[in-house]
Amino acid sequence: MVNKMNVEKKVISITTPHITLGQMLKFQHVISSGAQAKTFIKTHEVKVNGVLCKERGKKLFNNDTVSINNTHFYINNQNTNGQQYQ
C-alpha cells in the first residue's frame, strides 16, 4: 500500500500539443539522455493514466498523468499565448 503522504506531484507545462514519454523523462531529469529512456522504462514501473506503459514514444497530451514510484507528473499543455489546448 502506497503512503499518500509521501506522493510527490509535479506539473509539466509545455507549449506543444504533446510530448513523448522519453522526452518528458529527460526534461524532468529522471534520465540524463534520451538513449536511457528505453532501459529506464523497461526496468521501472511507469504508468500513463494508471496503465503500465513500456513505450518511450508514447505521446502525452493535456491532462495526462505519468506515475513513477511515488511521483506523479501532470501534463499541462499551453500554447504560446498562454491558452490551454483542448
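In what order do the 5 strands of the open sheet stand, and is the pairing mixed or of one sense? The order is S1-S7-S6-S3-S4, and the pairing is mixed, where two strands pair if DSSP finds at least two bridges between them. Strand S1 (8-14) and strand S4 (51-52) stand at the edges with a single partner strand each, so one side of each has no neighbour in the sheet. Strand S3 (residues 46-48) pairs with S4 in the antiparallel sense over 2 bridges, and Val48 has Val51 in S4 as its bridge partner.

This is a predicted model, in which local features need pLDDT of at least 70 and side-chain atom pairs count only at pLDDT 80 or more, whereas totals for chains, interfaces and linings use all residues. Residues are numbered from 1 along each chain as its sequence is written, and side-chain values use heavy atoms, with hydrogens and water left out.

The chain holds 2 helices and 7 strands, these being DSSP runs numbered from the N terminus (helices H or I, at least four residues; strands E, at least two). From the N terminus on, the elements run β-β-α-α-β-β-β-β-β.

| Property of the chain | Value |
|---|---|
| Buried share of the 86 residues (buried: under 20% relative accessible area, 1.4 Å probe, protein chains only) | 33% |
| Accessible surface (Shrake-Rupley method, 1.4 Å probe) | about 5,900 Å² |
| Part of the accessible surface belonging to carbon and sulfur atoms | 49% |

Thr20 lies in strand S2 (residues 19-20) and is buried, with a relative accessible area of 18%. Leaving aside neighbours within four places in sequence, Thr20 is in contact (heavy atoms within 4.5 Å) with Arg56, Gly57, Lys58, Lys59 and Leu60.

Methods. Buried means under 20% relative accessible area, exposed over 50%, partly exposed in between (1.4 Å probe, protein chains only).
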